[in-house]
Amino acid sequence: MPRCRWLSLILLTIPLALVARKDPKKNETGVLRKLKPVNASNANVKQCLWFAMQEYNKESEDKYVFLVVKTLQAQLQVTNLLEYLIDVEIARSDCRKPLSTNEICAIQENSKLKKKLSCSFLVGALPWNGEFTVMEKKCEDA
């Protein structure tokens with residue numbers, strides 16, 4: 001009988017030892033599928049880009065709204081989210097902030113106000129829940 005108790009005790013401590021060995025700092029989400037190209041006309045890419053531009057214009061201190069001129073590439077990576085890496089060229093428009101809902105904007109033609117940027121947005125999305133977050137944003141003069 002004592003042998004059974006020792007065996008039970010050992011079997012109970014093994015899972016505890018395994019859990020204790022796990023490093024809490026490594027609570028990172030694993031990549032299920034690495035970055036792969038996806039068509040820029042994909043509905044999720046369009047939603048993510050729209051969201052990223054809303055956030056960009058909200059955070060920008062510029063008095064004018066920026067618009068997407070061209071989507072250079074889009075890539076998808078699957079983790080616990082759908083992560084879209086979208087490279088775009090954006091430009092200052094002729095519309096001032098805040099933008100009204102039915103205002104039609106064009107790219108700024110005034111040479112003093114013209115400004116173009118190349119941007120990369122990493123957007124995490126759960127589109128079926130309507131959840132989007134800009135995880136990274138990098139923009140530089142084009």
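User: How many aromatic pairs does a search of the whole structure find?

Analyst: The search finds 2 aromatic pairs, where rings of Phe, Tyr and Trp (its six-membered ring) pair if their centres lie within 6.5 Å. This is a predicted model, in which local features need pLDDT of at least 70 and side-chain atom pairs count only at pLDDT 80 or more, while totals for chains, interfaces and linings use all residues. Residues are numbered from 1 along each chain as its sequence is written, and side-chain values use heavy atoms, with hydrogens and water left out.

User: What makes Tyr56 and Phe66 an aromatic pair, and why is it called edge-to-face?

Analyst: Their centres are 5.7 Å apart and their planes make an angle of 80°; planes under 30 degrees apart count as stacked, over 60 as edge-to-face and the rest as tilted, so the pair is edge-to-face.

User: Which parts does the pair tie together?

Analyst: Tyr56 belongs to helix α2 and Phe66 to strand β2, so the pair links parts that are 10 residues apart in sequence. Helices (H or I, at least four residues) and strands (E, at least two) are DSSP runs, numbered from the N terminus.

User: Why is Tyr56 called buried?

Analyst: Buried means under 20% relative accessible area, exposed over 50% and partly exposed in between (1.4 Å probe, protein chains only), and Tyr56 has 11% relative accessibility, so Tyr56 counts as buried.

User: How do you know whether Phe66 is buried or exposed?

Analyst: Phe66 has a relative accessible area of 2%, and therefore Phe66 is buried.
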